[in-house]
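Thanks for coming, everyone. Please have a look at the model on the screen, and then I'll walk you through a few parts of it.

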Amino acid sequence: MADGFNILDPFRSVDLDIADRADGIKHWAISHRAAIDPLKRVLDGLITWIEATLQAVPPLVMLALLVLIAWQAAGRRTALLVGGCLLVLGFLTPDAWSLAMTTLAIVIASVIVCVLIGLPLGILAGKSDRFEAALRPVLDTMQTIPAFVYLVPVVMLMGIGNVSGVIVTIIFALPPIVRLTSLGIRGVNASVVEAARAFGATPRQILTKVELPLAAPTILAGLNQTIMLSLSMVVIASMISVKGLGNEVLRAMGRLDASKAIVGGLGIVILAIVLDRITQGLGRSTRERGHHHWWESGPVGAVLHLVRQRGHHEQDQKQTTGKTIHETA
Amino acid sequence: MATTERSVAIEVRNIWKVFGSRARQAMEAILRDNLSKAEVRDRFGCVVGVRDASFTVGRGEIFCIMGLSGSGKSTLIRHINRLIEPTHGTIHIEGRNVSAMNARDLRALRAEQIGMVFQNMALMPHRTVRDNVAFSLEVRGRPDEERARIAARAIDAVDLTGWEAKYPDELSGGMQQRVGLARAIAADPSILLMDEPFSALDPLIRRQLQDVFIDLAARMHKTTVFITHDLDEAIRIGHRIAIMKDGVLVQVGTPEEIVTRPADAYVADFVAGISKLDLVTAGRIMQPLGLYERENGPLDAAGWPVARPGDTLNALVDLAVGSDHPILVSEGAQRLGVVTKGALLRGIQGRSETNTLSMRGAA
């Protein structure tokens, strides 16, 4: 080394030892595992509960439920599409449905945590330029850094399994909901916010009654992206022993089993289509839907309509019977 | 329109607004060295939005602030409910110092005592007409039933009954601004701030809404600060008018004073440009000769200025300014009628002499 300091190539002769330092962080993480144990247990409980619930529901009932949700959120055509997709998914292989539910549980758990973290961060970033500027490089890092880089430290910290899988997924899937929440808040018409101030609204009321409702379509677009990104992480997450459709793909790759890979891959794609269509339906604003409230359409609307009709019917009957009594008297 | 002998509802004293990151230092330098606008910009990189504005508004008075865009009028009106913080100066509303209020009192003031109407309506697109109108009551936590009742009353006052469940984007521009007006009066505030409320509307609708507003103002006796860039509108609506230019209140006075005695060339320019002065003629506002003689005795028109019935208000104003007598209107040798100073001013305001006659008759 002493002979070789070259001013044109200084990088070769200087060693800041960053890799070793990072190793130190890894060791520190291992020795402090106990500190994050409560977090781990909460997450584990959440995932287990969601998965148990999803697996406990008979597939056909679950399918019907998802179709109804799609109908409510996005209309009849989407419901038909979702129903068709889920049928194909179920018939892929005998255990495809159960694998899909496991994957869905991981995705749902990740998305819940992403919303819990991402919404407040996004609101703060929407309100403060400085916070947004500080947050942006972090979000860029989370989205672009290869998953394999943080796979190892996360496993060191949490061990393998579902919890690590969810955390790895969150790292990758969190940025869009933060970014789009911030964008949505910033996009709210400033004069409407000013009007709310002029009529005496508190900052919290401005947020809940004006900014969040008006930013909702953008925020839901962010939620949609977060869900899509979590799904795209399932194969990588399966490397740290997360079960489900991703694991099928991983195992197929190890055995060069193309047919198995196609089953897993198709399952993921179908799940993605279903979740995407449902959340996109949510993102359409009420104004685009012609100012109908959500309960005025879809299955809920149909049921309410029936109930109301019966109510009217009974009332009519009462009126007519009342009339006849009156007339006879 | 008597503007004297009113108690003061709004008092704005020596308001300055300097925009920029070094506004504080700039303000100190201004007060110390009396810098001009250009000097402030060069030395501190700050823009002076409002320069030493002072005025008072009496209770029940309609006070118009008139100026072109960029003159600082919208900035000035936002100081009254402190949507913008003044760099210097104080505002009192009903004797209370607004500049010294904490956030809580300020919110109560805004929700209960001040209603505001905006040029771009600023309605909440995700709320129905009723929920928009009841917004100030909702943020104060008033019960649903009371909100619905009060909103219905306010909506009725602007003739929008039947539209409560609609959304703003289902309404025309004029109707949207009616909703804005209803929202402002819903909490029955004592003060209305109107920031160019009718400027974005087409002329016919504007005229209509001005009538709605004049009617409401007359019934409700609200203290109003009304911003406009249209002198016609200011004269039609205002009891007093302030003319604003480059952040400075150039002249404050009754429409009569503004029209007859403009403080400087700028105001004079404005007054010269009023379209109505060139449209209304002597024949329309004059009192017929017989009626005048019945009230005031036989006519002695020696030294009176003489106009023809086709002369515009503009010409009549010129005649009236040069003489203390009323104006005689005659066609050739035939005397037709008389235009008194009062009738002339009514004409400028856009009202007819018959109104004043009926008022006089009632009194």
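**A helix that bends**

Start with helix H10 of chain A, residues 203-232. A straight helix of 30 residues would span 44 Å, at 1.5 Å a residue. H10(A) spans only 38 Å between its end C-alpha atoms. Keep in mind that this is a predicted model.

Where does H10(A) bend? At Ala216(A), by about 60 degrees. A proline, Pro217(A), follows within four residues.

**The sheet in chain B**

Now over to chain B. Find the open sheet of six strands. Read the order with me: E6-E7-E8-E3-E9-E10. The pairing is mixed. Strand E6 (114-117) and strand E10 (248-253) are the edge strands, and each pairs on one side only. From one strand to the next, the twist averages 15 degrees.

Strands of a sheet pair through backbone hydrogen bonds, either parallel or antiparallel.

Which sense do strands E3 and E8 of chain B use? Parallel, over five bridges. E3(B) covers residues 62-66, and E8(B) covers residues 223-228. Pick out Ile62(B): its bridge partner in E8(B) is Thr224(B).

**A buried arginine**

Next, Arg236(B). This residue lies in helix H10 of chain B, residues 231-237. Is Arg236(B) buried or exposed? The relative accessible area of Arg236(B) is 9%, under the 20% cut-off, so Arg236(B) counts as buried.

Look at what the side chain of Arg236(B) touches. It makes a polar contact with the side chain of Gln210(B), at 2.5 Å. Another polar contact, also 2.5 Å, joins the side chains of Arg236(B) and Asp211(B).

**Rings**

Last topic: aromatics. How many aromatic pairs does the structure hold over all chains? Six. One of them is Tyr266(B) with Phe270(B). Their ring centres are 5.3 Å apart and their planes stand at 85 degrees, so this pair is edge-to-face.

Where do these two sit? Both lie in helix H12 of chain B, residues 265-272. They are four residues apart, about one turn of the helix. An α-helix has 3.6 residues a turn, so residues three or four places apart point the same way. Tyr266(B) and Phe270(B) are both buried.

Before we stop, find Phe198(B), Phe213(B) and Phe226(B). Ring pairs link these three into a cluster.

Note on methods: Residues numbered from 1 in each chain as written. Chains lettered and ligands numbered in written order. Predicted model: local features only at pLDDT ≥ 70, side-chain atom pairs only at ≥ 80, totals over all residues. Heavy atoms only, no water. Phe/Tyr/Trp six-rings, centres within 6.5 Å; stacked < 30°, edge-to-face > 60°. Helix = DSSP H or I, 4+ residues; strand = E, 2+ residues; numbered from the N terminus. Buried < 20%, exposed > 50% of the residue type's maximum accessible area, 1.4 Å probe, protein only. Pairing = 2+ DSSP bridges. Axes fitted to C-alpha atoms, helices over the stretch in contact; angles between N-to-C directions. Polar contact = N/O pair within 3.5 Å; in protein donor to acceptor, adjacent residues only side chain to side chain. Expected span 1.5 Å × (residues − 1). Bend = angle between axes of the 7 residues up to and from the residue.
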